[in-house]
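Thanks for coming, everyone. Please bring the structure up on the screen.

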Amino acid sequence: MPKVAVGGTFQYLHDGHARLIEKAFEIAGNGKVYIGLTSDEMLQKNHSIENYENRRVRLLEYIDEMGIPKEKYEITRLNDPCGPTIEENFDYIIVSPETYPVALKINRIRAEKEKKPLEIVYVEYVMAEDGTPISSTRISKGEIDRHGRLKKESHA
């Protein structure tokens, strides 16, 4: 049974996050998904980010809406970018372009420890209406909503 890792801050739980989470469950099949949720301590506060517990509650609500049974996943607090993927055995790691370098680092460290590499599943950014990636930063600036719809005219 596949053991799949995916991680992130999951601020605003936008469509890009949804695609990562959906891909993780698709790859896991009858296995289990381990979702690493960035801790408050690890965050770099470049825009206001909700606290860990609020982000966790929204993530749980989203997964519940997907109809995923509780035994199919686990949410863990990430205090560093690699989380449990260095020591524990996982089969897959689901990444976005932003988190791909972390997966490469994880596999380098795993190789040093003579552990088998994780299979990296790369999920491309989800684009907003204007053809640029949906991101929590853009949402916090009021440029787009969590589905990538433009909220105001951008002056590029």
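Start at Thr38. Leaving aside neighbours within four places in sequence, Thr38 is in contact with Gly8, Thr9, Leu43, Tyr52, Arg55 and Leu78. Contact means heavy atoms within 4.5 Å. Thr38 sits in strand 2. Helices here are DSSP runs of H or I with at least four residues, strands are runs of E with at least two, and both are numbered from the N terminus. Thr38 counts as buried, because its relative accessibility is 6%. The cut-offs: buried is under 20% relative accessible area, exposed is over 50%, and partly exposed is in between, with a 1.4 Å probe and protein chains only.

A word on the source. This is a predicted model, in which local features need pLDDT of at least 70 and side-chain atom pairs count only at pLDDT 80 or more, while totals for chains, interfaces and linings use all residues. Residues are numbered from 1 along each chain as its sequence is written, and side-chain values use heavy atoms, with hydrogens and water left out.

Now the inside. In soluble globular proteins, nonpolar side chains tend to be buried together. A nonpolar core here is a set of buried Ala, Val, Leu, Ile, Met, Phe, Trp, Tyr and Cys residues, joined through side-chain atoms within 4.5 Å. Which residues touch the most other members of the largest core? Of its 23 residues, they are Ile21, Val33, Ile35, Leu59, Ile63 and Ile94. At least two residues each come from strand 1 (3-8), helix 1 (15-28), strand 2 (32-38), helix 2 (52-65) and strand 3 (73-78). Helix 1 gives the most, with 6 residues.

Look at Val33. Not counting residues up to four places away in sequence, Val33 touches Val4, Val6, Ala24, Phe25, Ala28, Lys72, Tyr73 and Glu74. Take Ala24 from that list. Ala24 is in helix 1. Its relative accessibility is 0%, so Ala24 counts as buried. With neighbours within four places set aside, Ala24 is in contact with Val4, Val6, Val33 and Ile94. For scale, the C-alpha atoms of Ala24 and Arg146 are separated by 20 Å, and these two are 122 residues apart along the chain.

Next, the rings. Rings of Phe, Tyr and Trp (its six-membered ring) pair if their centres lie within 6.5 Å; planes under 30 degrees apart are stacked, over 60 edge-to-face, and the rest tilted. How many aromatic pairs does this rule give? The count is 3. One of them joins Tyr34 and Phe90: the centres are 5.5 Å apart and the planes at 85 degrees, so this pair is edge-to-face. This pair links distant parts of the chain, with Tyr34 in strand 2 and Phe90 in the loop between strand 3 and strand 4 (92-95), 56 residues apart. Tyr34 counts as buried at 17% relative accessibility. Phe90 is buried too, with a relative accessible area of 1%.

Tyr100 and Tyr122 make another pair. Their ring centres are 5.5 Å apart and their planes at 85 degrees, so they are edge-to-face. Tyr100 lies in helix 3 and Tyr122 in strand 5 (residues 119-122), so the pair ties together parts 22 residues apart in sequence. Tyr100 is partly exposed at 32%, and Tyr122 is partly exposed at 43%.

Those two also reach a surface patch. Tyr100, Leu104 and Tyr122 make a nonpolar patch of about 260 Å². Patches take residues with over 30% relative accessible area and no salt bridge; like charges are joined within 9 Å, nonpolar side chains (Val, Leu, Ile, Met, Phe, Trp, Tyr) within 5 Å. Areas come from the Shrake-Rupley method with a 1.4 Å probe, and for residues only the protein chains shown count as cover. Leu104 lies in helix 3 (residues 100-112) and is partly exposed at 34% relative accessibility.

Last, charges. A salt bridge is a side-chain nitrogen of Lys or Arg within 4 Å of a carboxyl oxygen of Asp or Glu. The count comes to 11. Glu88 bridges to Lys3, with the closest N and O atoms 3.4 Å apart. Glu88 is in the loop between strand 3 and strand 4, Lys3 is in strand 1, and they are 85 residues apart. Asp130 bridges to Arg138 at 2.6 Å between the closest N and O atoms. Asp130, Arg138 and Glu143 are linked in a network of salt bridges.
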